[in-house]
Amino acid sequence: MTDSKAMLLHYLQASRDAMVGKVDGLSEYDARRPLTPTGTNLLGLVMHLAGVEMGYFGATFDRPVADPPHWLVDGTWDTDPMVDMLAGADESREDIVGLYRRAWVHADATVAALALDAVGHVAHWEPPRDEVTLHHVLVHVIAETARHAGQADIIREDLDGVAGLRAPGDNMPTDDATWWSAHVARVEAAAREA
C-alpha cells in the first residue's frame, strides 16, 4: 500500500471509529430515536455510512458486496431514499455496527486491490462527474464520514452530555461540569452582546 493510501485510510478509520463510538453505552432507544426534525438518529447514521462504503467501494468499481443489506441494490438504495437511516426494531445495534464493520473490510480490500488512479463509475451521479478515481472516492467518503461523525457528536452530547472525537471526552479540555457551565455562560454573553 502506498503512503498516500495509508494516510487516506488512517483518516477514514479515525472517522469510522468516532462514528461507532457514538453508539456505545446507549440504550437501544437512545441509539435509534430521532433527534432532529428530519429523523436523524445515531444508528441510522451508522447504517447510512455502511451503505455509503458498500456502494462507493463496491458497485462503483465493479466489486459488489457479497451479502448486502436488503435495502442496498446494485450499490444504491432501493426506492425509499431514507431506508438506510431507519434502524428497524428487529435490527440490533450489534447487527448494524457489524454491517458497518463488514463494509470497512470490503472497502479496505478495494483500496488495497486498486491503484489510486483506478477508474470507477458512480451510478447515481450525472455524467461527466460519474467517472471517478479511487482517490476521488476515498476523499469523498472521508468527508462524508467526518461530516456524519460531527452530527453524531452533537446528537450524543444532546442525549447524555458525552462529547469528543474519540472515546468519551478524551479530546475535550475538561470533564468538569462547573467549568463547562461557566464556558457556556461566556458564549451566551458574547452572543447577546453581539
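Accessible areas here come from the Shrake-Rupley method with a 1.4 Å probe. With that method, the surface of this chain comes to about 10700 Å², and carbon and sulfur atoms account for 58% of that surface. The structure is a predicted model, so please keep that in mind throughout.

Let me start with the overall picture. The chain has 194 residues, of which 41% count as buried. Its C-alpha trace spans about 55 × 40 × 30 Å along the principal axes. There are six helices and four strands. Going along the sequence, their order is α-α-α-β-β-α-β-β-α-α. As for contacts between residues at least 6 apart in sequence, 69% of them join residues at least 24 apart.

The largest nonpolar core has 28 residues, and M19, L42 and Y100 are the ones with the most contacts inside it. Which helices each supply at least two residues of this core? They are α1, residues 3-21; α3, residues 42-56; α4, residues 93-113; and α5, residues 134-160. Of these, α3 gives the most, with eight residues. Another core lies apart from this one; it has 18 residues, including F57, A107, V122 and V132.

Let me stay with Y100 for a moment. Is Y100 buried or exposed? Its relative accessibility is 0%, so Y100 counts as buried. Setting aside neighbours within four places in sequence, Y100 is in contact with R16, M19, V20, V46, L49, A50, E53 and T145.

Y100 also has an aromatic partner. A search of the whole structure finds two aromatic pairs. In one of them, the ring centres of Y100 and W104 are 5.1 Å apart and the planes are at 75 degrees. Why is this pair called edge-to-face? The cut-off for that label is over 60 degrees between the planes, and the rings of Y100 and W104 stand at 75 degrees, so the pair is edge-to-face. Both residues belong to helix α4, where they are four residues apart, about one turn of the helix. W104 counts as buried too, because its relative accessibility is 7%.

Two other tryptophans have an arginine over the ring. The charged end of R129 sits over the ring of W125, 4.5 Å from the ring centre. R186 lies over the face of W179, and there the distance to the ring centre is 5.9 Å.

Next, two histidines. H48 is in helix α3. With a relative accessibility of 13%, H48 counts as buried. What joins the side chains of H48 and E144? A polar contact of 2.7 Å does.

H121 is in strand β3, which covers residues 119-121. H121 has a relative accessible area of 44%, so it is partly exposed; that label is for values between 20% and 50%. Leaving out neighbours within four places in sequence, H121 is in contact with A59, T60, D130, E131 and V132. V132, as I said, is among the residues of the 18-residue core. For a sense of distance, H121 and L159 are 38 residues apart in sequence, and their C-alpha atoms are 39 Å apart in space.

I will finish with the loops, where there are a few backbone details to look at. A cis peptide bond joins P127 and P128, with omega at about 5 degrees. P128 is in the loop between β3 and β4, the latter being residues 131-133.

D62 has a positive phi, about 55 degrees, although D62 is not a glycine. Where is D62 found? D62 is in the loop between α3 and β1, and β1 is residues 72-73. Its relative accessibility is 69%, so D62 counts as exposed.

S27 is partly exposed, at a relative accessible area of 37%. A polar atom of the S27 side chain lies 3.0 Å from the backbone nitrogen of D30. S27 and D62 are 35 residues apart in sequence and 38 Å apart in space, C-alpha to C-alpha.

Methods:
Residues are numbered from 1 along each chain as its sequence is written. This is a predicted model: local features need pLDDT of at least 70, side-chain atom pairs count only at pLDDT 80 or more; totals for chains, interfaces and linings use all residues. Side-chain values use heavy atoms; hydrogens and water are left out. A nonpolar core is a set of buried Ala, Val, Leu, Ile, Met, Phe, Trp, Tyr and Cys residues joined through side-chain atoms within 4.5 Å. Buried means under 20% relative accessible area, exposed over 50%, partly exposed in between (1.4 Å probe, protein chains only). Contact means heavy atoms within 4.5 Å. Rings of Phe, Tyr and Trp (its six-membered ring) pair if their centres lie within 6.5 Å; planes under 30 degrees apart count as stacked, over 60 as edge-to-face and the rest as tilted. A charge sits over a ring if NZ of Lys or CZ of Arg is within 6 Å of the ring centre and within 35 degrees of the ring normal. A polar contact is a pair of N or O atoms within 3.5 Å; within protein, one must be able to donate a hydrogen and the other to accept it, and residues adjacent in sequence count only if both atoms are side-chain atoms.
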